[in-house]
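User: Hi! I'm new to looking at structures, and I'd like to go through one together. Can we start with how helices pack?

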Amino acid sequence: MTGEFLYFMQFFLSGLAMGSIYALIALGFVLIYKSTSILNLAQGEFLMVGAYICLSLTIDFKLNFFVSFIITMGASVLLGLAVERVVLRPLIGEPIISVIMVTLGLTYVFRGLVIMIWGNDIRQFNIFPLEPIDFWGIKLSQLYLWSMGISLLLLVFFAFYFKYARTGIYMRAVADHQTAAQSMGISVKRVFAISWCIAAVVSSIGGILVGNIAGVGVDLSYIGLKVLPAVILGGLDSILGAIIGGLVVGVLEFLSAGYLDPYIPAINEVFPFIVMVLVLMIKPYGLFGTEEIERV
């Protein structure tokens, strides 16, 4: 294989690994939007809090990583449930902009609490091995491979869950039409709560994986903003779009870093947003989003 091809594949596969994590986080965005029509701007903070809890239990309290992971998932469920019950449920029926602004306020609340409890220093969180594996000249870190494998496994699990599990079918029904679902005896409020819990869980898992790659710090919450182009690119109400959008954004980020960053510094940070804008100019509802036609 030529050096140019190896160079391309190095960045492509690394981007695919990071994109699989983005896809997992994007799934949380889509779940909440599909069921409640709310764009949760605090998704990145769920990610940050989950990473800090798991890190603290593993390093500070010396617990086994798998025990820390299970406790973190339980804490994430409680966090999602608390936000939905205490903060958002009283706002049902209020203007959607009010609800979105509340989620924006939550970002600062969570960030402030994290700084109060853990400080704002970046801490290393190396659970998976760092040694690279050589695939015919393409060297990939085991950390990236583990992250991609876990993310893809969870995405497949949730795909089957939404298609075959009773709760998953209820969630799809509520997403299609809340009034019709309620008339069939489905508890819409319960589905809302489950959606927030799952969104918090997948975000925490994404935070743990990204924290292993880049370290755990307050800036970890900005991953939620970075995932937003993936969500909008794929379509706010499309689970398939979230997965494909996450993979595309990850690949674009790494390829732009490899090919454009030497000429335009930090272009990889904004390149996904540039692509998002271009796509939305052509398809305003994203690649797989449902187009809404208003008749006057």
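This is a predicted model: local features need pLDDT of at least 70, side-chain atom pairs count only at pLDDT 80 or more; totals for chains, interfaces and linings use all residues.

User: Okay, at what angle do helix 2 and helix 8 pack?

Analyst: Helix 2, residues 43-60, packs against helix 8, residues 188-214, at an angle of about 60 degrees. Their axes are 7 Å apart. The two helices are therefore oblique to each other.

User: Which hand does the crossing of helix 2 and helix 8 have, left or right?

Analyst: That crossing of helix 2 and helix 8 is right-handed.

User: And which residues make the contact?

Analyst: From helix 2 you have Q43, F46, L47, G50, A51 and C54. Helix 8 brings W196, A199, A200, S203, S204, G206, G207 and I208. Sorted by class, the residues of this contact are eight nonpolar, six polar and no charged.

User: Nice. What about helix 1 and helix 9, at what angle do they cross?

Analyst: The axes of helix 1 and helix 9 cross at roughly 80 degrees and come within 9 Å. That makes helix 1 roughly perpendicular to helix 9.

User: Who meets whom there?

Analyst: On the helix 1 side are Y22, I25, A26, F29 and V30. They meet I223, G224, K226, V227, L228 and V231 of helix 9. By class, the contact of helix 1 with helix 9 has nine nonpolar, one polar and one charged residues.

User: Switching topic: what volume does the second largest pocket have?

Analyst: The second largest pocket has a volume of about 400 Å³. It is lined by 23 residues, and the closest to its centre are Y22, A214, I223, K226 and E269. Y22, I223 and K226 also turn up in the contact of helix 1 with helix 9.

User: Which helices supply that lining?

Analyst: Helix 1, helix 8, helix 9, helix 10 and helix 11 each supply at least two residues. The lining divides into 16 nonpolar, three polar and four charged residues.

User: How many cavities of 30 Å³ or more are there?

Analyst: A search of the whole structure finds one. The largest cavity holds about 70 Å³ of space.

User: Which helix gives the most to its lining?

Analyst: Helix 6 does, with four residues. Helix 1 also supplies at least two. Among the lining residues are L31, K34, F162, M171 and R172. By class, the lining of the largest cavity has five nonpolar, three polar and two charged residues.

Definitions and conventions. Residues are numbered from 1 along each chain as its sequence is written. Side-chain values use heavy atoms; hydrogens and water are left out. Axes are lines fitted to C-alpha atoms, for helices over the stretch in contact, and angles run from 0 to 180 degrees between N-to-C directions. Angles under 35 degrees count as roughly parallel, over 145 as roughly antiparallel, 65 to 115 as roughly perpendicular and the rest as oblique. A crossing is left-handed if the near helix is turned anticlockwise from the far one by less than a right angle, and right-handed if clockwise. Contact means heavy atoms within 4.5 Å. Ala, Val, Leu, Ile, Met, Phe, Trp, Tyr, Cys and Pro count as nonpolar, Asp, Glu, Lys and Arg as charged, and the others, Gly among them, as polar. On a 1 Å grid over the protein atoms alone, a cavity is a set of points where a 1.4 Å probe fits but cannot get out, and a pocket is an open set with protein on both sides within 12 Å along at least five of seven lines; lining residues have an atom within 4 Å of a point. Grid points are joined across faces, edges and corners, and a volume is the space filled by probe spheres set on the points.
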